[in-house]
Amino acid sequence: MSQPTFPMHVSVTEAREMLAALLPALDTETVPVSQALGRTLAAPLAARVSHPSATESALDGIAAREADTLTAGKESPVRLRLVGESRAGVPFEGTVGAGQCVRIYTGAPLPTGVDAICPVEELQDDGPEHVLLRRPAFPSDVRHEGGDFRAGETVMAAGLWLSAPRVALAAALGHAHVPVRRRLRVALLSTGDEVIEPGQALKPGQVYDSNRVGLSAMLQESGCEVIELGHAPDSPEALQAAIGQAGGADVLLTSGGVSMGRYDFMRDLLIERGRVAFWKVRMRPGGPAILGGWNGLPVFGLPGNPVSSLVVFHVIVRPALTGQPVQSLKLRTATPFRGLADKTAFWRGVIKGGEVHDYGQQGSGILRSLSDADALVIVPEGGPVAAGETVDVVLL
């Protein structure tokens, strides 16, 4: 290969940003909130109602005036007169006076005249019309109207990835339909003469196509529409024919054929007949990744080793596709993690007792490790990380 005219050995951040820059701007569409999981919110959402819609109880028990209950204790209970009950959907309509209370249930509106709750566990019936309180009623067990959000308040910002809790929040705001960005259409292709479909008889040197299955699942989790191109053997002609089936895709994602070998034809195809934005990332596993284009279609080539392929997707591709940053947290290391002089390492780790341990086997072909591990431990370029230090980890 002649002297490259494109960047090589870019950082993980640069790779992520360069991929994101090649993706198209997405139109907006409106979908039922029940179908919004995994989509990206295209516009802010304001609350159409307040939540709670009324001041209500957080507990089952009785609602009373706090001042009437301050002296209540196990040895000296306070006796109050029951004048009714309030439950969700059927509130107490009257006013509660001094020395009175009402039975109340979780989520029921607080009647006029009361300001505190005593839980059912601290009550004892004293005849049909009275109850004994063995502790004071607390105002802290009252949920105030609008305590979560108020009508008209902007609660959800544009650009949010809609997880299950966020879909539930959108519904609670009063939205039956939500504006979302169109799904990215991602064509997916695996390559390699050694790759065969799961279920077939495996010959020496062959592997099942776990990459395509795993990547398809990760694309679906990311809210993408997957265009399955299947598998192509190691030949330029077969690769070109497969890529030709990617019509309508926004981006092509491939696995295999991007390293330094003689038969890494995906790399050669992009370099010689397509366009290359970068080749190789300063990371392990996953260093041989390549970004380019083919007749105007952005192409991201993942390594063929299964761990490399899925790790690169996790830390580079998914954030670029979804617009959401990699979610990481800081943990203390229970074991050392080795460093690499010129690469950021993403070692598999197991979290125990609030600390992260080295998984052990870190080879790019040990796919089981991604299933067994809890996190990717980020070791920046340079020296190792000793036991007892704090590191950033990406949860798997």
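Guide: Ala, Val, Leu, Ile, Met, Phe, Trp, Tyr, Cys and Pro count as nonpolar, Asp, Glu, Lys and Arg as charged, and the others, Gly among them, as polar. This is a predicted model, in which local features need pLDDT of at least 70, side-chain atom pairs count only at pLDDT 80 or more, and totals for chains, interfaces and linings use all residues. Residues are numbered from 1 along each chain as its sequence is written, and side-chain values use heavy atoms, with hydrogens and water left out.

Visitor: How do the residues of the lining of the largest pocket divide?

Guide: A pocket is an open set of points on a 1 Å grid over the protein atoms alone, where a 1.4 Å probe fits, with protein on both sides within 12 Å along at least five of seven lines; lining residues have an atom within 4 Å of a point. The largest pocket is lined by 21 residues. They divide into twelve nonpolar, six polar and three charged.

Visitor: Which helix gives the largest share of the lining of the largest pocket?

Guide: Helices (H or I, at least four residues) and strands (E, at least two) are DSSP runs, numbered from the N terminus. Among the elements that give two or more residues to this lining are helix 4 (210-221) and helix 7 (306-322). The largest share, six residues, comes from helix 7.

Visitor: Why is strand 18 largely enclosed by the rest of the structure?

Guide: Buried means under 20% relative accessible area (1.4 Å probe, protein chains only). Val251, Leu253 and Ser255 point one way from strand 18, and Leu252 and Thr254 the other way. Strand 18 is largely enclosed because five of its five residues are buried.

Terms used: Buried means under 20% relative accessible area, exposed over 50%, partly exposed in between (1.4 Å probe, protein chains only).
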